[in-house]
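Please look over the sequence and the structure shown here. The paragraphs after them go through a few features in turn.

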Amino acid sequence: MTTAAERLSAAELRELFLFTDLDEGQLAWVADHGAVVAHPAGAEVSVEGEPARCFSVLLEGTLSMSRRVGGSEVETVRTSHRGVYSGAVQFYVGERVDQRYPATVRAVTDCRFLELPATEFAAQFRRWYPMAVHLLEGMFIGQRNSAELVGQRERLLALGKLTAGLTHELNNPAAAASRAAAALRERFAGMRHKLALLSEGRLDGAVLRSLTGLQEELVARVGSAPEPTALERADREDELGDWLDERDVGGAYELAGVFVGAGLGPADLERVVDTVEPAALEPALRWLAYAVETESLLAEIADSTGRISGLVEAARQYSQLDRAPHQPTDLHAGLDATLVMLSAKTPSGVRVVKDYDRTLPPVPGYPGELNQVWTNLVVNALDAMAGEGTLTLRTARDGDCALVEVADTGPGIPEELRQRVFEPFFTTKPVGQGTGLGLDVSYRVVVTRHGGDLRVRSRPGDTRFQVRLPLQESTPS
């Protein structure tokens, strides 16, 4: 319990560094409106997130200040310095911001505080220092508005880069499918032509049925044979080309490339020799070659359209357009979608390693915002490695939290800069290449929106940004 006690005199107030330079009238106002309140050891002086009603100045004792991080409280300050202040520390901004206590303050020992009502103090402070209030408001509100505007611009730029990368990635399989479809049309025309030639050779029905059955059997093997090395493929093409040449088949080595690519060899084509008359051998082989190429082209189209579907699914997963804002979230799906979206930005010299703990349950949160965090961390890691290195994405359980770690093998972050990486507008990139808001946005998403924790550990060759998210549902802010 707290108990109200005496009020301080003007002389006692002047001993506190906050009030040393106040004039007699100002000191008299503080003395009249400030109450000395005693808090026993263990008592809460103010609670994080509750409406900020008092500006408190420590007169005696030891206080501790803590904030909620990752579902637990982390002590940020412990002091017995007389005159330190806490509570409604942004009182001067008034109603232009939501006035809430930024941290929980507790009395470690028996404490005495001078407590001033925030609303009345703000009004009086504005009368005493109108210019100072304008400057403070301008700095506070201006920085906040600038952060929002630059943050929006940064998100638009990031969206533009992701769109360009996605368009590039979609263009490759789409072009491959288009080329395969055009080639497929030519192969179908060739098949019709060769079938007519076979028919003119007056093959009896039994032979044609045998040839068709052989075609189905050999075509079914397309794509199932192991891929040979370049040297093995060249040797097989030479061998099959010689075999075809010996039987006076025109374009022997061109046909050899088709058959070897499908995993067929001389032993397979001997079955064609056994099925048809020598005069019908070349049309039969070319008909079979068209069938093999047709199957290969269909497989290429299926692969290309599958890649397009995969990219569209990754974009949907990344944007979370069809998901509820706050829901159980599969971290691995978000990380994978982010890697797909950034694949065009990932240099060929960077090796990507995924070390996932697949036993992790879904994490309650905002999937789209978390994907923005993964994007910022991965882009920073790629920039740090300058085209060469290893990017590692790791997940694990860490107590009651899920741990997501984005690591790179870049030069590291110097110790003197490490403490500032989450500050708004702080960046180590050249002018025009960074706004300094990516990590600030990430920090606010992880800590403020999800009640988690974001920290960095770095040494040359091993920089790790570690995100911890509570596994249990917490009240979103």
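Cys54 counts as partly exposed because its relative accessibility is 23%; buried means under 20% relative accessible area, exposed over 50%, and partly exposed in between, with a 1.4 Å probe and protein chains only. Cys111 is buried, with a relative accessible area of 2%. The structure holds 0 disulfides, a disulfide being a pair of cysteine sulfur atoms within 2.5 Å.

This is a predicted model, in which local features need pLDDT of at least 70 and side-chain atom pairs count only at pLDDT 80 or more, while totals for chains, interfaces and linings use all residues. Residues are numbered from 1 along each chain as its sequence is written, and side-chain values use heavy atoms, with hydrogens and water left out.

Now turn to the charges. Glu232, Asp235, Asp238, Glu239, Asp242, Asp245 and Asp248 form a negative surface patch. Patch residues have over 30% relative accessible area and no salt bridge, and like charges are joined within 9 Å; a salt bridge is a side-chain nitrogen of Lys or Arg within 4 Å of a carboxyl oxygen of Asp or Glu. Asp242 lies in helix H6, residues 230–246, where helices are DSSP runs of H or I with at least four residues and strands are runs of E with at least two. Asp242 is partly exposed, at 39% relative accessibility.

Asp248 sits in the loop between H6 and helix H7 (252–261). Asp248 is exposed because its relative accessible area is 68%, and its phi is positive, near 60°, in a residue other than glycine.

Ala386 also has a positive phi, near 50°. The loop that holds Ala386 runs between helix H11 (367–385) and strand E13 (389–398). With 71% relative accessibility, Ala386 counts as exposed.

Note on methods: Patches are made of residues with over 30% relative accessible area and no salt bridge: like charges are joined within 9 Å, nonpolar side chains (Val, Leu, Ile, Met, Phe, Trp, Tyr) within 5 Å. Accessible areas come from the Shrake-Rupley method with a 1.4 Å probe; for residues, only the protein chains shown count as cover. Lys and Arg count as positive and Asp and Glu as negative; His and the chain ends are not counted. The place of a charge is taken as NZ of Lys, CZ of Arg, CG of Asp or CD of Glu.
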